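Try each task before you read its solution.

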Amino acid sequence: MTVLLYVAAYVIGSIPTAIIVGKLFYGVDIRNHGSNNPGATNTVRVLGKRAGVIVLIGDIGKGALAAALPYILHVDADPLLIGLVAVLGHCFPIFANFRGGKAIATTAGTLLIANPWMLVVAYVSFFGVIFATKYVFMGSISVGVALFIYSLLEPGQSYELIFFFFILFLIFLHRSNIRNFKAHKEPKVNDKNLKNDRISKKK
């Protein structure tokens with residue numbers, strides 16, 4: 001039964017929310033616009049705040065639903081681990097040729113169910129780093145760092161190794177952002193040129 005939970009979590013995570021919203025309401029593949037990432041941040045950049053909020057809610061919901069499966073089905077399994085499989089599905093979705101998002105919103109949904117205090121710590125870091133640096137990718141990577149530090153300091157936690165590899169995973173997912181940053185091409189959140197990526201809703 002536990003194996004089926006992991007499979008179900010991966011399938012749930014694989015639902016390509018941003019791609020569905022882009023194609024259904026705008027007639028575009030979000031992966032061909034902006035940063036080419038099918039996540040909430042690029043959806044805001046390309047399709048606007050309303051579409052971005054829909055994608056954000058959907059991606060958070062995927063992680064939350066997956067993490068809740070052990071409670072819903074009364075199975076003895078770790079909600080955090082189940083939810084992280086949904087994060088893996090979000091990043092490498094079977095329904096979208098394994099071209100997915102960058103983990104952040106679906107991780108938030110997972111933590112919302114599995115450990116709300118981790119959610120608070122991680123996303124205070126996320127927004128704090130973005131506020132300080134104006135770079136979303138730095139805030140995203142800081143989520144992994146914050147979770148790793150939390151797991152080291154919190155008594156009874158045994159997720160240190162998981163979150164150490166999660167940091168590496170986030171660095172891998174944001175490798176193009178890191179390359180752009182080194183080349184002075186990575187846009188900040190307040191970059192006025194981002195509005196040039198905006199496209200209109202299909203009629």
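**Exercise 1.** Find which residues of helix α2 are buried, and what covers them.

*Solution.* Start with α2, residues 17-26: Thr17, Ala18, Ile19, Val21, Gly22 and Tyr26 are buried (under 20% relative accessible area, 1.4 Å probe, protein chains only). Next, look at the cover, which includes α3 (40-47) and α4 (49-72). Helices here are DSSP runs of H or I, at least four residues, numbered from the N terminus. This is a predicted model, so local features need pLDDT of at least 70 and side-chain atom pairs 80 or more, while totals for chains, interfaces and linings use all residues. Residues are numbered from 1 along each chain as its sequence is written, and side-chain values use heavy atoms, with hydrogens and water left out.

**Exercise 2.** Work out why Thr17 counts as buried, and list its contacts beyond four places in sequence.

*Solution.* Thr17 counts as buried because its relative accessibility is 14%. Then skip the neighbours within four places: Thr17 is in contact (heavy atoms within 4.5 Å) with Ile54, Val55, Gly58, Asp59 and Lys62.

**Exercise 3.** Sort the lining of the largest pocket by class.

*Solution.* Count 19 nonpolar, 13 polar and 8 charged residues. Nonpolar covers Ala, Val, Leu, Ile, Met, Phe, Trp, Tyr, Cys and Pro; charged covers Asp, Glu, Lys and Arg; the others, Gly among them, are polar.

Definitions and conventions:
Buried < 20%, exposed > 50% of the residue type's maximum accessible area, 1.4 Å probe, protein only. Helix = DSSP H or I, 4+ residues; strand = E, 2+ residues; numbered from the N terminus.
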